[in-house]
Amino acid sequence: MSPIHEQGERFVQPTVPTYNPSVSDDTPRHLLDFRGIYRAFGRLKVLRNVNGQARDGELLLITGANGSGKSTLLRCLAGLMRPQKGRITCVQNGKDLRLEARRRQVGFLSPDVAFYSELSTLENLELFAKLRGVEPARGGQLLDRLGLPRNRRAGALSSGMRQRLRWAFALLHEPKILLLDEPLQNLDAPGRRDVCELLENHLTDGLAIVANPDPMDLPRVDHHVELAS
Amino acid sequence: MKNILRWSLWLWISGVIVAALLWAPLAQGFSGLYGDAPQSSRIVFFHVPLAVASFFAFMTAAVWSILYLIKRHPKQDFHAHAAIEVGLVFCVLATVTGAVWSKVQWGKYWNWDPRQLSIAIALLFYGAYLSARGAIEDPEVRARISAAYSALGIVVAPFLFFIMPRMASFSLHPKPGGAEMDRAIGTVVVAAIAGFTALFYWMQSLRARMLALEASDLEPEDELAAP
Amino acid sequence: MLSWLAETLAVLAKEWRCELRTRYALSTVGLFALSTLFMVSLSLGPMGSSSELRPVLPVFLWVILLFAASAGLPRAFVHEEESGTADPLRLSATPSAVFCGKALYNLSLLLLLEAFITPFFIGMLALPIASPVNFAIALLAGGIGLAVGSTLIAAMVAQAQVRGPLFAVLAFPILLPLLKIVVDASLGAVLGSPVDMALALAFLYDSMVTVASLMLFPVVWNP
């Protein structure tokens, strides 16, 4: 693989060891690997040749200024947007996930995710649980764990509570791959402690990719990609 | 090679025009409402080929669109877009020539003949395609949505072109497969259809190349076009 | 298959639950149709119940239904995209289940609207109907095509930045042939002439639009 900085690209952080399936001796149970991701909006190139990887138990942190393409990258990884170039490899429990499967299997958290404001928090989670074929009781458990009221309309939640509900949505189907865009936004100190605990739990087996403008307090950071604007 | 093809297209179309205006005989029974416009039937050599070419245009657009939805290469989107744009021009010309002929022959520009209904809906449909493209900013989303819309046209097309004309109780147009015409007239019509269809494909490929160039990022001013 | 059905029903139930809590669509679509009907009836005046005008009247009913539908049905997807709930739905559900749930919701909404507005229409314009059964079947056939077609177009329009009149622009060319067919059918029902052919064509159109929508929806909904 050719080193990318030689081509004079704007960024790309080579701290990640190159993943080469044919060479690696132990096949990871979970893996998210992206190579040469390119996405432009019209002539505005947001992502140019971005690479990164995380395996089970690892956390990949993506930082960069506003507009550097963190959210775009995470949307591409979640299958909510199509990169124009590049390859995304996603393995969960040893199984290769294609685009459609990846979209439904990953846990995704982003400030853009919103919930049905006419429905209560519990009704929202029960709906998504039903759609994912998950036990509906799981919604209530997560609400209790995150200290959220069950019968409050989602439209009447404070911004911190909405962020907790996003966490509940992301963890609902116990995904092994978590994509977190600004996961600590609007959370108070107990909230940050709660979700960090949940993240730590998740990392005993799963992997996570976290995007944030600045480096932040996380249980662990194994790889770091800095996107230049 | 390309030059030879282009020149033979010009020669062919010139030949068709000369044959249509000078060589082909006049069609019987098409000399105007009061029999005072015998030359008017010659419009058939332009009206029918234009209509046929615009039908090909829209089928071409649908094929490129479906290809795009499978392969997702921007080139296929440019081809579909170009086919619609050029096809729309052909379609408008077919409508206008038809309306003029209808006025001469039957006294009214428009009378909701089933073929007029089909072409009116086709005009609306592909106008809608272009306005949908204008309403979506992201090229990927734009290509995807407009390709799906043009593929949807395949469902509507058989109704417009085959079922509804047969259903209608009256029509100024010959029923599909029911037309009988003079051999010489038929020959020129077929030659004109071939010529205009080739003309369409030539214009369409030029337009597709233009669209590809417009979209390519040769310009260094990345930030100028920020959404 | 069973899980797909459960997903479809979950989407349908969610739509109705949200709708019954706000009554946005029911009130706006119903009132929209009612005010258009008043306008038609008022401007026709005593002419409306004359027998010469009878063959024209079903046209008004379908125009009212078409415009009411284009005012209310796009919301199915536009609201999801605007409020940010489209992404969680995309991440959670099978595309075809989303489509079927939404289309069933739109269909139930449209059939309710038809059941509400048609008696008013018949009453206010004193329209005698020779074959009420055929008239009802024509309403059903038109309703299915209108609901399914509008649902797919709504999903397309929701992805555009400029939405305003785009729905009508995109939907009308698709719906016009169907409308022509069901207008013929309801006219036949009013006059008591045979309408089998038109009804069969209308259902053919419905099934073709449904099949095409199911095939196209995944690429419209997902990137």
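Q: What makes helix 1 and helix 6 of chain B a packed pair, and at what angle do they pack?
A: Helix 1 (residues 2-23) and helix 6 (residues 183-215) of chain B pack at about 145°, with axes 9 Å apart. Axes are lines fitted to C-alpha atoms, for helices over the stretch in contact, and angles run from 0 to 180 degrees between N-to-C directions. Helices here are DSSP runs (H or I, at least four residues), numbered from the N terminus. Contact means heavy atoms within 4.5 Å. Among the residues making this contact are B:Trp10, B:Ile13 and B:Trp23 of helix 1 of chain B, and B:Val188, B:Leu199 and B:Trp202 of helix 6 of chain B.

Q: What classes of residue make up the contact of helix 1 with helix 6 of chain B?
A: There are 16 nonpolar, one polar and three charged residues. Ala, Val, Leu, Ile, Met, Phe, Trp, Tyr, Cys and Pro count as nonpolar, Asp, Glu, Lys and Arg as charged, and the others, Gly among them, as polar.

Q: How do you know what kind of model this is, and how are its parts numbered?
A: The model is predicted: local features need pLDDT of at least 70, side-chain atom pairs count only at pLDDT 80 or more, and totals for chains, interfaces and linings use all residues. Residues are numbered from 1 along each chain as its sequence is written, chains are lettered from A and ligands numbered from 1 in the order in which they are written, and side-chain values use heavy atoms, with hydrogens and water left out.

Q: Why is the pair C:Arg17 and A:Glu123 called a salt bridge?
A: A salt bridge is a side-chain nitrogen of Lys or Arg within 4 Å of a carboxyl oxygen of Asp or Glu. The closest N and O atoms of C:Arg17 and A:Glu123 are 3.4 Å apart, so the pair qualifies. Between chain A and chain C the count is four salt bridges.

Q: How much area is buried between chain A and chain C?
A: About 2200 Å², with carbon and sulfur atoms giving 61%. Buried area is the accessible area (1.4 Å probe) that two parts lose on being put together, summed over both. A:Tyr116, A:Glu118 and A:Leu131 supply 30% of the area that chain A buries against chain C. The contact takes 26 residues from chain A and 23 residues from chain C.

Q: What does the rule find across the interface of chain C and chain B?
A: Here the rule finds zero salt bridges. Chain C and chain B bury about 2500 Å² between them, 82% of it on carbon and sulfur atoms.

Q: Which helix gives the most to the side of chain C that touches chain B?
A: Helix 9 of chain C does, with eleven residues. By class, this side of chain C divides into 25 nonpolar, three polar and two charged residues.

Definitions and conventions. Helices (H or I, at least four residues) and strands (E, at least two) are DSSP runs, numbered from the N terminus.
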